[in-house]
Structure formats: C-alpha cells, structure tokens
Amino acid sequence: MRSIKIKVNGRQHEVLIDEHETLAHVLREKIELTGTKIGCEQGSCGACTVLLNDEPVLSCITPAMRCDELSVTTIEGVSENGELHLLQQKFVEKGAIQCGFCTPGMVMTSLDFVRKNPHATVDEIKEALSGNLCRCTGYKKIIEAVAETIRPQQHPAEANGSKPHNGRIVGTGMPYIEAAKKVQGKAEYADDIRLKNVLHCSFLRSPYPHAKIEQIDTSAAAKLEGVKYILTGVELPEKFGVLPISQDETALAIDKVRYIGEVVAAVAAETEAIAKAACNLIQVKYKPLKPFFEIDESLNDIGTEEKIHEHVKFNNNVHKKAELRFGNQEEGFQSAAFKSKMNFEFEGITHGFTEPHAATAYWDENGLTIITATQVPHYLHRALSKVLKLPLSRVRVIKPYVGGGFGGKSDPFPHEIIVSYLAIKTGRPVKVRFSREEVFISNHGRHPTKMTMEIASDETGNFRALDADIAIDGGAYGSFGVVTTYYNGVLLQAPYKVENFGFKTFRVYTNKPQCGAMRGHGAVNSRFAIETLIDDLAHQLKMDPCELRLKNFMPSNTLTAGQYRITSNGSRESLLKVMEQSQWKERYGKLPFGHGLGVGCGFFISGSALPIIRNELPQSVVHLKVDFDGRVLVTSGASDIGQGSDTMLAMIVAEVLGISMDKIFVLAADTLLTPVDLGSYSSRVTFMAGNAAKMAAENLKKEIINSVVARKEISADELNLADDCVFSNDRKIELTWNEAIDFTIAHRGAINVSGKYISPKLGGDFKGSGAGLSPSYSFGAVVTEVKVDPETGAVKVLNIWGAHDCGKAINPLAVEGQLEGSWHMGLGQAMSEQVKYFNGLLINSNFLDYKIPTSLDTPPIHTNIIETADPEGPFGAKECGEGAIHPIIPAVANAVFDAVGARITKLPISPEDVLQKIKNLSLPNAAQVNV
Amino acid sequence: MSDNKKYLKPVSVHEAITMSKVCGDDFRYIAGATDVMVNRRQGNEESFCLIDLCGIDELKQVTVKENYLSIGSLVRLDDLKKHAAIVKEFPVLIEAAETVGSPLIRKSATLGGNVLCENRCIYYNQSEWWRDAVGYCLKCEGNICIATGSKKLCYSEFVSDTAPALISMDAEIEIADHEGERTLKLEDIYTGDGVCPRNLKKSAVIKSILLPLQREFHSSFHKLRQRQSLDFTSLTVAVSIDKNGKLKSVLGGVDPKPVVVEGNSDSNLEEIIKLALKGSRAIDNEMFSRNYRRSMISVFLKRSFEKLIG
C-alpha cells in the first residue's frame with residue numbers, strides 16, 4: 001500500500017492504494033466518483049476515459065501510481081457551476097445519449113478532441129471516437145453532437161431537440177428527461193450504488209460443459225478471514241425461468257453442470273478480493289459427461305449418453321418443437337413457376353450492452369429489496385418470490401439507470417437470486433458485479449441457427465408458397481426459447497401475402513451458455529433467409545427486387561395466414577422512401593463490378609398481446625398523483641433501459657394535460673412504488689405503457705374538468721387544457737394550471753388517478769396461435785450500398801438508407817435513435833459479430849474479439865420515420881426499437897450479390913466466404929477462355 | 001486483502017536497470033502499459049514489481065545521430081506524426097502506428113512498447129479461469145499448444161504493427177541492460193518462439209529506434225483486420241524499397257516473429273511471395289482462418305509491389 005496525491009477535478013486527494021491498482025478503480029472505489037464507467041477492463045470500450053494532465057487515458061488500464069502528483073479530470077469535472085459544457089449541451093440536444101453508459105467516456109474523448117481540433121471534419125471525428133464503443137446510437141447523433149460543438153449551427157432552433165412546435169409536445173423531438181444527469185456522470189447505474197456495510201459476492205464457475213458434481217469442499221474457503229457465507233446449489237433447489245413452461249434453471253448448479261461458466265458456488269465476503277480468493281479455494285470434484293455442442297448432435301438419439309435435461313421427452317436434447325401450417329403448401333409449390341430454396345447458417349450473437357450486470361440486495365423490516373440492472377423488474381419480482389419462497393408482498397425490485405439491455409437483461413438471473421438469498425442469510429447488503437467475461441458467459445443472446453427455406457411464385461411474381469425448416473441452438477437452459485422457437489416461423493407471415501405457408505422449428509439444448517431474447521427476437525435470422533430468397537426469386541424472374549416486394553406486400557387492415565390482425569401498414573411507404581433516397585431505379589444492377597445496392601424489408605410485433613404469465617391483469621398500469629404544488633407524479637413499472645420510455649411517458653401526460661414537461665416527474669420501475677408493467681421486452685412499452693399513461697392523463701383531465709364545472713357554470717365540453725391553463729372556448733374562464741389544481745383538490749382532495757392497458761382478444765383458436773400476436777405491427781425497409789474488394793472478399797458498407805413505420809413518432813429524436821441503433825446492431829450481425837466456442841468454452845468473451853462495429857466501421861445512416869397512425873397506439877404510435885434490425889442484414893447481403901454475384905447464406909458475412917464464392921463464379925468463365 | 005506488490009518509477013535508464021537488479025527476476029517494465037496492464041488483468045503477467053519507465057525523459061527525444069534518425073523508445077505512437085523528420089523521411093511508420101489499437105490506446109502506447117508487444121493467441125489471451133478450464137497452453141506453463149496439439153512449439157503471433165514497417169526500413173535498436181549498451185538490427189531481437197519471443201535480457205531497456213537517413217524509402221503498408229479500429233493485426237505487410245532498389249518485405253501476424261524477405265527491384269517478385277509464404281507459420285488461432293490469412297499474404301504483397309515497382 002502506498003499513498004498518492006492526486007488532484008481530481010481541482011480537488012486534492014490523498015489516497016492509500018494498492019501499488020498495482022488502476023486509476024479507474026481508485027476513482028470509483030476510493031474517491032467515489034462513479035461517473036467514470038468500467039465496461040471492459042481492457043481498454044477496448046473507452047467507457048473509462050478520463051483526462052490525465054489534460055490528455056485522455058483509459059483509466060481501466062492506467063496504473064494509479066503513475067498519477068501521483070498529477071491532475072485528473074473526470075466527467076464530474078466537465079460542467080462548471082452547474083452549467084453544462086457546450087459539448088455536453090450538444091450531446092443532450094442532439095439525442096446523443098441513450099443508455100448513457102458510454103457517455104462519460106465519449107464526452108471525455110470528444111472534449112480533448114474538440115479542444116485540439118477546432119477545424120475537424122466529420123471523418124476526423126469518426127476516427128477520434130473509434131476507441132469508444134456505443135451500442136445504442138449507431139454513433140450518428142454522437143458525431144453530430146461533436147460536429148456541432150466544433151461548428152455551432154447558425155439556426156439553433158432547427159436543431160433536432162427544439163422547443164415544442166404549435167404548443168404540441170407529442171411529435172416534437174425531446175432530449176431524454178434524464179439526459180443532463182447522464183451527461184454529467186451523475187446517473188447511478190447498478191454498480192454505482194453505494195450502500196453501507198456491504199458484502200461482496202463472487203462466483204465459482206464450472207470449467208466443464210457437462211459433468212456431474214460429485215463433491216464440493218468449501219472448508220478451506222470458509223477459513224479465509226472475511227468470508228461470511230458460502231452458498232452451493234442445494235440451498236436453492238427451486239427451479240425458475242422467465243417462461244412458466246421452461247422452469248429449468250436453478251440459481252446454482254445442483255448435482256450437475258450444463259455449461260462452462262455455470263455458477264457452482266457463491267461466496268459473500270468483506271471485499272471482492274476476499275470473495276474471489278475464497279472461490280479459488282473451493283474444491284469441486286466433477287465427473288465429466290459427454291458434452292453436446294452441435295445442433296445435429298442434440299437433435300438425434302443420443303444412445304446411452306446422459307441427456308442434458310431429464311425432463312426432455314425423447315432420448316435426445318430437443319427442448320421444443322413448433323410446427324404450424326396454413327393453406328395448402330404442397331399445391332402452392334406444385335403450381336409455382338419459380339422457386340428458390342437455400343440452406344442458411346447463422347452464428348450466435350450477443351447483446352453487447354456496455355454496462356455489465358450488477359446488483360445489490362438487502363433485507364430489512366420491509367423484506368427483500370434488490371437494486372439491479374434489469375429490463376423486467378416484474379418477472380424478477382415473481383422469480384425471487386418463487387425461488388426464495390417469499391410472499392410477493394415481501395419483495396421489492398428497483399431498477400436504477402440501466403446501461404443497455406437489448407433483451408440481455410430480460411430474464412431473471414441466477415446472480416440476482418443469489419445476492420438476494422445471501423442478503424437474507426447474512427443480514428447485510430450483498431453486491432455483485434460482473435466482469436465483461438462473465439457478461440459474455442451469461443449470454444442469453446441470439447440463437448445459432450440452421451435453416452432451410454423455400455419460396456415459390458407464379459410467372460408474374462405473386463408469392464404462392466413458403467416453407468421453413470429451422471433448428472436453433474438454445475444452449476443449456478430454456479430462457480425465452482419456446483417463444484424464439486415459434487417466432488422463427490410465425491414472423492414470416494408478413495409483410496408479404498403468402499397463403500400457403502408453414503414451418504417447423506426445433507430448439508435443442510446444448511452444453512453452452514443459454515440463448516434467449518435479443519433485439520428482433522427470433523425473427524432476425526428467418527427474415528434474413530426470406531429476404532435473400534426473394535432477392536434470388538427476383539433474379540430468376542428478371543424483376544427488380546423492390547418491385548417484386550411492392551407487388552407482394554399485404555395491404556393495411558387485413559389478416560395474415562396465421563390470423564394476425566394487421567392494422568396500419570407502412571411497408572409500401574417505407575420501401576418507396578428508401579428507393580427514392582438511394583436512387584435505386586437509376587443505380588440498381590447498373591453499378592460496376594464490386595459495387596452494389598441491396599434491399600430488405602421487415603416487420604415486427606409492437607408488444608406481445610399475451611403476457612408471459614397468463615392472467616387477466618392489465619399489462620401496464622400508470623398512476624398519476626397531483627397535489628397542491630401542481631406537479632404531476634407519473635408512476636409506472638415501465639423500465640427505461642436507454643430507449644427513452646420515461647421521457648415518452650412524460651410527453652404523453654404533458655400532451656394530454658396541456659402542461660409543460662417541467663411539471664412532470666417520472667418515477668419508474670420500482671415494484672414497491674410503481675404499478676405493474678410487464679417490462680421492456682417485445683417492443684411493448686410505448687404501445688402499452690404509453691396507452692396506460694394516456695388513459696391516466698385523460699382520467700386526470702376529466703377530474704380537473706369536472707371540478708371546474710362544479711365550481712363555474714360551464715359545460716365540460718367547453719373547457720380546454722393547453723399552455724399550462726384551463727380555459728373555456730370563449731376565454732371567460734381562464735385558470736392557470738395551479739389554480740385549476742387548487743379547484744380540483746378543494747373539490748375532491750389530492751388526486752390519484754390511474755390508466756391501464758389490456759390487449760384486445762386476438763388470433764385464431766389453434767395451438768400456437770398466440771405466438772407473435774400483437775395489437776399492432778411495425779414495418780420497414782432498408783437499402784444499403786456496398787463495395788466489395790474482389791481480391792480480398794472484404795465488404796465495406798458505404799451507406800444505409802432506412803425507413804421505419806412507427807405509426808406516430810411520439811418523440812422523433814428518440815425514434816431516430818432507436819432506428820439508428822437497430823441498424824448499427826444489424827450491421828454488426830451482418831459484418832463481424834459472432835460468439836465462437838472451443839469445446840463449449842466461449843473464445844471471444846471480450847470487446848476486442850467480439851467485434852461490435854466502431855464509429856469507423858459505421859457508414860452514414862440516412863434515417864426516415866414513416867408515420868401511418870395506428871388506430872390503437874397512443875397517438876397512433878407503435879414500436880420502433882426492434883423492427884428496424886430485420887431489414888438491414890439481408891439488405892447488406894443482397895448488396896454483396898448485386899456487387900459481385902456472391903449469394904450470402906452464412907452470417908456474419910466473412911470475406912473468406914465471399915472470396916471463395918467470387919472464385920467459384922469465375923471458374924466457368926475461366927474454363928471457357930481456356931477452351 | 002491488499003496485495004503488497006511494488007511499483008517503481010525510475011528517472012533514468014541507469015536507475016531502471018539498477019532497480020531491475022534489486023527486483024531479481026520478478027518485475028516487468030511498463031511504458032504505455034496498454035499491453036501489460038491487460039495481460040495483468042487476465043493473469044498472464046503477475047510480476048511482483050512494475051518498473052514504470054514513463055518518467056525517463058531521455059527516452060522521449062527524436063534526434064539525428066550521424067546518418068540515423070533516433071526515435072526515443074518512449075515517444076508515444078500518437079506523437080510520431082508531430083515530428084517533421086518522421087513525416088518527411090519515414091511516413092510509413094506513421095501509417096503503421098495509426099493502425100495500432102484505437103486513438104485512445106495510441107495516446108498512451110509508445111513506439112518501444114509496440115515493438116515489444118507481447119505475442120498473441122486466442123487460446124492464450126484469456127482470463128486465468130478460462131485458461132484453467134481449457135487446460136494451460138505452452139505459453140502459460142502448460143505442456144501442449146491448444147491450437148495445434150504440438151508439444152514443442154508455441155505459435156502465438158507477433159502482432160506489432162510498427163515493427164514490420166521499421167524492419168522494412170532496416171531499423172536498428174539501441175539497447176541498454178546490466179551488461180552495457182549495444183545496437184542491434186531490430187529483426188534480430190525476435191526468436192520465432194512464441195513462448196519466449198524476444199532474445200533480450202529481462203533487464204534490457206530499449207533506448208531508441210534508429211532509422212537510416214538518406215535512403216529515400218518508398219514504402220507500402222497493409223493491415224488485415226475485421227474492424228477499422230481496436231483490432232490487433234491478422235496480417236501486417238510492410239514493404240520498403242530504397243533509392244538503390246533494395247527491397248525488404250516484412251510480414252507480421254502470421255508467425256511468432258516478423259517474416260522478412262529481402263530482394264531488390266529486379267527480383268522475381270513471385271519468388272519473394274513464395275519465400276514469404278514459406279516463412280509464415282500461421283495457424284488457426286484467431287478470428288480469421290489460417291488459409292485466408294495466407295491467401296492475403298500474396299494479395300497484399302502483390303499490391304505492395306504494384307505500388308512500389310509498378
């Protein structure tokens with residue numbers, strides 16, 4: 001231990017540190033400035049960037065000793081006297097902040113850059129930011145924020161985050177209500193929460209993919225000073241899982257392990273270091289079993305080997321089979337003039353949110369409280385109650401700010417159950433945080449997939465039949481897998497009209513980390529396949545692939561083959577928009593060899609119509625409370641994980657009540673204080689929580705109007721709420737908001753009103769009809785432009801033109817951010833991302849080897865919001881967070897085909913594969929020349 | 001539990017070497033620390049003592065020494081472009097340096113540190129837990145190469161991006177250790193053994209990199225990687241030709257050491273490619289396959305020759 005003197009944000013500190021401690025650790029743990037984030041601990045995400053003597057450094061790999069007698073600026077030191085720096089203002093205003101976890105590092109890197117490069121170009125900005133990973137924004141708005149800091153715009157009123165126009169809030173781009181907090185590093189994420197007297201938890205994880213646990217000896221670990229509790233699986237035998245039909249996981253492995261990395265023991269100790277050291281002292285005797293890593297192995301009879309799960313029906317590792325057929329596929333294929341059939345292979349990918357999982361639990365007179373990075377407080381609440389055998393009334397789940405989820409924080413997790421249990425057992429708060437490697441091992445990402453798909457059309461291109469045979473690799477446990485199994489098939493029944501349609505999907509267990517829900521859940525890979533087949537069909541038909549799509553789009557207000565109710569449908573508008581912007585007609589098929597355009601379309605659910613746990617309760621409730629101060633407290637269980645749902649709720653309430661945003665306070669996602677919302681999954685929040693908020697606000701409006709009517713002689717329909725006033729049409733009555741609230745409270749007491757959302761009854765009466773049912777669907781299209789190097793096979797995406805029908809953009813700034821983030825994530829799956837295993841061991845469990853596109857890998861994105869006004873969405877809104885990821889991936893692959901004639905059937909697109917295909921294509925030509 | 005590990009910060013090369021003697025073998029020099037700190041985090045580097053060279057100002061100079069440009073080993077990669085002599089005479093060094101890591105890494109990482117960058121392999125650059133689960137490999141005191149099954153040789157890759165550029169221009173390095181000072185050809189410090197990839201004494205400090213002036217190099221540089229930032233190399237190809245037509249091709253990322261093939265502007269270029277391929281012992285130990293990386297050797301070399309010779 002040594003003492004160093006370090007000046008942080010102008011304040012002198014003398015800190016006692018371990019001599020090999022990192023600067024990031026000292027800043028967060030010793031000086032308690034938690035604005036500096038730790039995302040990877042190896043210098044490859046940039047979240048920890050701070051200025052050391054005015055030079056940016058990656059504080060997670062900077063020895064703190066080196067900083068002795070030096071000065072450090074962290075994100076907390078950027079704003080002065082409560083005034084945001086211009087750069088911070090621009091980040092807020094341009095919508096450059098979503099989850100906010102990368103923001104501190106982004107701001108520090110940019111701050112240094114704008115100081116030293118007052119004349120920088122956009123390309124130079126992209127280069128400068130290329131060591132800071134962002135998973136939410138696609139970098140577009142961040143680059144804009146930096147560019148505008150360098151060259152402030154002449155007309156600031158035209159900026160995206162402008163003041164409400166025509167007094168309307170809905171439809172005006174608004175920075176997130178918490179953006180200023182995030183941009184100053186003040187927003188607290190799960191690992192930033194500091195409780196007194198906290199114990200730290202660490203896990204011993206299995207080094208075997210499939211093995212019996214014969215013995216666990218914790219005696220040596222128990223002797224270590226500072227160890228408070230050692231937990232093994234037998235203490236928590238109750239199974240859980242996010243779906244009631246897949247309760248197949250326990251908090252820790254009992255009797256056997258099913259993947260490398262599964263938690264076998266947990267230690268709660270005075271420090272993280274002691275907990276880790278204790279884990280290393282636990283001796284576990286394993287008896288290895290034959291592991292299953294491949295889909296095919298798990299599909300087949302496994303002979304005398306042990307199954308991964310006993311509950312599996314047959315002598316294999318098939319978790320779920322789903323099959324649905326509509327119309328007459330046989331006839332459809334037989335009568336067709338053109339057919340296209342291909343085999344596809346998809347690697348698994350993972351969410352790559354920048355904030356690692358973290359949680360703190362404590363037990364007090366109110367029972368259990370857990371503060372955790374989760375997308376679904378409600379389902380976690382239920383799982384904790386079930387596994388820990390606590391009444392629902394003794395569990396409280398609090399979601400702090402969450403650094404991205406994308407589906408990866410939408411299951412109840414073992415670590416959440418474990419720290420909760422340990423908090424009960426030790427009587428002290430217990431905290432856990434994951435390393436980036438642990439995040440990767442926990443996975444729950446997109447399933448590795450193999451599929452065969454066939455499509456057929458008549459002579460003029462009308463789709464006649466569609467068939468898919470799909471197998472998905474679920475890993476060791478169920479997660480959302482049953483839903484994924486269905487989604488792979490059912491979400492093929494739009495946006496094109498195909499009456500003769502069917503699919504069969506198997507989900508298998510393998511001895512790898514489990515797969516689950518990830519942005520675009522279940523439908524991304526099969527969307528890639530069908531859009532590729534359509535491209536091929538167009539080629540056969542000698543038809544423009546956009547024209548073929550336009551010809552087959554289903555109309556608005558129709559039913560699909562599987563009886564989805566399609567209401568508003570902006571497919572056509574979306575596709576026409578990107579065709580026009582990309583100069584499709586002028587350029588498609590006419591660019592020189594190596595240069596191409598490609599198109600893809602897609603659609604997605606706007607919230608699952610059925611709750612995960614079947615019940616009659618509302619899917620979302622919003623309460624509004626108003627007292628004498630006139631402030632409206634919005635409480636909702638909806639989980640803002642960076643997508644902007646808190647802001648959306650505030651905007652809707654403000655719009656209905658005609659009041660300004662500063663009169664709204666949103667309290668969300670605390671299961672004690674807020675009513676139930678099912679969580680941030682299936683793109684349901686704007687539609688469902690938004691509708692509940694709208695109904696609550698309308699109820700409040702009625703209360704206010706009724707009170708005014710009771711006091712003044714005026715009929716209710718003469719009264720208006722706008723511009724922070726309640727006034728009659730003739731302006732004879734004109735009350736300020738606070739006067740109106742005083743009237744109301746005098747009339748009926750302080751106000752608490754609620755609104756709710758319950759989906760309408762939808763769908764057919766066959767088994768499986770509920771899968772993919774939604775009150776509304778979003779639609780979209782993407783065109784991309786690529787260049788392919790024919791000698792290396794390297795693909796470079798030059799442009800992305802995207803359009804997405806979100807019904808109505810309540811907050812256009814946030815909608816753009818969601819779309820750009822989706823297209824960026826799709827670009828990653830298309831170009832570079834995959835989880836890779838070696839004998840069941842994840843090989844690339846870090847941000848260096850798992851390749852999320854950097855700012856330099858992200859081309860210009862041209863964003864278009866299409867509005868079609870959904871009849872049931874709040875103000876006509878529907879989803880925008882997931883649907884946009886579907887069309888981009890096939891659009892890239894189809895552009896590669898246009899460029900060099902190589903048909904992509906495997907993701908990610910590898911230059912090696914492209915090169916081989918180019919070579920194969922040139923072979924017959926070469927032969928001709930020789931002859 | 002606090003560890004009692006040590007950190008020392010010498011202000012001269014002499015002091016650094018003296019400190020290293022006191023530490024016995026259980027120390028590690030750090031310069032930018034961008035490589036060592038990550039290896040420490042993963043448990044691949046566990047020295048008791050870190051000797052931080054960043055306070056040695058004598059290693060931060062760029063000067064002309066006789067017919068050489070001497071670049072101090074502690075010059076940061078991001079600062080190379082600030083020296084007019086480098087920009088004018090050896091622009092390929094800047095081109096190579098700009099492909100290292102990310103802009104943030106390059107603001108800490110030094111030229112000396114980059115030429116000494118530890119060899120990499122996907123089966124080695126993993127956490128302690130991971131390597132324990134897979135069974136330790138030759139490079140971390142195991143008895144088998146996980147990637148090849150070999151019991152003898154470790155094929156971890158040489159991944160410095162600046163070294164191939166430097167070697168292609170006949171760079172030399174000035175070294176000081178407890179036995180004194182000497183100057184070596186840069187390529188001569190690399191052994192080709194992935195476990196122990198450099199033949200320098202543990203106490204050795206690189207003082208400077210020397211690049212010959214008045215040779216009027218024309219150079220080309222290619223780096224194969226999946227992303228345009230952050231990634232280590234999967235294949236680096238640096239080729240330089242001087243005013244007398246002396247041609248030197250250097251490959252990184254496909255062997256435990258840089259692969260060097262020399263010739264001149266009249267050489268049979270196909271032959272140079274053949275020799276380069278023969279010298280490269282690439283294996284399947286990263287995200288790009290061995291076959292693809294090998295096929296890119298020919299493509300990158302051909303492109304280099306086209307640029308430099310036509």
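This is a predicted model: local features need pLDDT of at least 70, side-chain atom pairs count only at pLDDT 80 or more; totals for chains, interfaces and linings use all residues.
**Helix α14 of chain A**

I listed its buried residues: A:G481, A:V482, A:V483, A:T484, A:T485, A:Y486, A:Y487, A:N488, A:G489 and A:V490. That makes 10 of its 10 residues, so I noted the helix, residues 481–490, as mostly covered. Next I looked up what they pack against. I found β12 (318–326), β19 (463–473), β20 (500–508) and α15 (524–541) of chain A.

I then followed the chain past α14. The loop between α14 and β20 of chain A holds A:P495. I checked its peptide bond with A:A494 and found it cis, with omega about 5°.

**Helix α5 of chain A**

I turned to α5(A), residues 140–150. Here 10 of the 11 residues are buried, so the rest of the structure largely encloses this helix. I wrote down the buried ones: A:K140, A:K141, A:I142, A:I143, A:E144, A:A145, A:V146, A:E148, A:T149 and A:I150. They pack against α2 (86–93), α3 (103–116), α4 (122–128), α22 (812–831) and β35 (861–866) of chain A.

I also looked at A:Y139, in the loop between α4 and α5 of chain A. Its phi is positive, about 70°, although the residue is not a glycine. I counted 28 other C-beta atoms within 10 Å of A:Y139; the cut-off for buried is 20 or more, so A:Y139 is buried.

**The α11/α12 pair of chain A**

I checked how α11(A), residues 377–388, meets α12(A), residues 414–426. Their axes come within 10 Å and cross at roughly 55°. The two helices are therefore oblique to each other. I noted the crossing as right-handed. From α11(A), the contact uses A:L380, A:A383, A:L384, A:V387 and A:L388, and from α12(A) it uses A:E416, A:I417, A:S420 and A:Y421. By type, I have seven nonpolar residues, one polar and one charged.

**Other loops**

A:P908 lies in the loop between β36 (906–907) and α24 (911–930) of chain A.

I located A:N300 in the loop between α9 (295–299) and β12 of chain A. A:N300 has 15 C-beta neighbours inside 10 Å and counts as partly exposed. I also took its separation from A:G828: 528 residues in sequence, and 32 Å in space from C-alpha to C-alpha.

In chain B I looked at B:D170, in the loop between α8 (162–168) and β6 (172–177). Its phi is near 55°, positive in a residue other than glycine. B:D170 is partly exposed, with 19 other C-beta atoms within 10 Å.

**Chain A as a whole**

I noted 24 helices and 36 strands in chain A. Its radius of gyration is 28 Å, close to the 30 Å from the globule rule for 931 residues, so chain A is as compact as a globular protein of that length. The C-alpha trace spans about 85 × 85 × 60 Å along its principal axes. Of the 931 residues, 64% count as buried. I also looked at contacts between residues at least 6 apart in sequence: 78% join residues at least 24 apart.

**Where chain B meets chain A**

Last, I looked up the contact between the chains. It takes 46 residues from chain A and 37 residues from chain B. On the side of chain B, β1 (6–8), α2 (36–41), β3 (49–52), α5 (103–108), α7 (128–134) and α10 (290–308) each supply at least two residues. I sorted that side by type: 20 nonpolar, nine polar and eight charged.

Definitions and conventions
Residues are numbered from 1 along each chain as its sequence is written. Chains are lettered from A and ligands numbered from 1 in the order in which they are written. Two residues are in contact if their C-beta atoms, placed from the backbone, lie within 7 Å. Helices (H or I, at least four residues) and strands (E, at least two) are DSSP runs, numbered from the N terminus. Ala, Val, Leu, Ile, Met, Phe, Trp, Tyr, Cys and Pro count as nonpolar, Asp, Glu, Lys and Arg as charged, and the others, Gly among them, as polar. Axes are lines fitted to C-alpha atoms, for helices over the stretch in contact, and angles run from 0 to 180 degrees between N-to-C directions. Angles under 35 degrees count as roughly parallel, over 145 as roughly antiparallel, 65 to 115 as roughly perpendicular and the rest as oblique. A crossing is left-handed if the near helix is turned anticlockwise from the far one by less than a right angle, and right-handed if clockwise. The radius of gyration is taken over C-alpha atoms; the globule rule is 2.2 Å times the number of residues to the power 0.38. A residue is buried if 20 or more other C-beta atoms lie within 10 Å of its own, exposed if 12 or fewer, and partly exposed in between; C-beta atoms are placed from the backbone.
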